[in-house]
Amino acid sequence: MIVREELLSLNFVRREDFSGSHKGMRFLLHYEAENEEKKLKVYIWSEPFGFEATPEGQKLSSFFEFSEEGLHQAIDWMNQQYEQVRYKEEI
């Protein structure tokens, strides 16, 4: 399970993308600002390849508010996505 303590601060994400992995699922946190609206865009995809080498059609993404609350929602979303894929693989 991905937990908040394993991720860097939003100030880091504002300057540079943050990537990581969890048991075969890779993720990338990306800051986007558009018309004064600040968003956290989260991508997830399966190993083995990195972000650039993975085809767009194999990545899932979602937007969240660029705040601590939004980051917690993003973590919940990533964990839910991981559990769904894991459940499908066990069937």
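In what order do the four strands form the open sheet, and is the pairing parallel or antiparallel? The order is S1-S2-S3-S4, and the pairing is antiparallel. Strands are DSSP runs of E of at least two residues and helices are runs of H or I of at least four, numbered from the N terminus, while two strands pair if DSSP finds at least two bridges between them.

The model is predicted, with local features needing pLDDT of at least 70 and side-chain atom pairs counting only at pLDDT 80 or more, whereas totals for chains, interfaces and linings use all residues. Residues are numbered from 1 along each chain as its sequence is written, and side-chain values use heavy atoms, with hydrogens and water left out.

**Sheet and hairpins**

The protein has two helices and four strands, which follow one another from the N terminus as α-β-β-β-β-α. Strand S1 (18-22) and strand S4 (60-65) are the edges of the sheet, each pairing on one side only. On average, neighbouring strands are turned by 25° against each other, direction ignored, where the axes are lines fitted to C-alpha atoms (for helices over the stretch in contact) and angles run from 0 to 180 degrees between N-to-C directions. In general, strands of a sheet pair through backbone hydrogen bonds, either parallel or antiparallel.

S1 and S2 are joined in the antiparallel sense by five bridges, and Ser19 stands opposite Leu28 in S2. Strand S2 (residues 25-34) and strand S3 (residues 37-46), also antiparallel, are joined by ten bridges; Arg26 has Trp45 in S3 as its bridge partner, and Glu32 stands opposite Lys39 in S3.

| Hairpin | Residues between strands | Turn residue and phi |
|---|---|---|
| S1 and S2 | two residues | Lys23, positive, about 45° |
| S2 and S3 | two residues | Asn35, positive, about 50° |

Ala74 lies in helix H2 (residues 68-90) and counts as buried because its relative accessibility is 0%, where buried means under 20% relative accessible area, exposed over 50% and partly exposed in between, with a 1.4 Å probe and protein chains only. Beyond its neighbours within four places in sequence, Ala74 is in contact (heavy atoms within 4.5 Å) with Leu40, Val42 and Phe64. The C-alpha atoms of Ala74 and Phe63 are 8.1 Å apart, although the two are eleven residues apart in sequence. With neighbours within four places again left aside, Met78 is in contact with Ile2, Met25, Phe27, Leu29, Val42 and Ile44.

**Overall dimensions**

Taken along the principal axes, the C-alpha atoms fill a box of roughly 45 × 25 × 20 Å. Buried residues make up 37% of the 91 residues. Among contacts between residues at least 6 apart in sequence, 36% join residues at least 24 apart.
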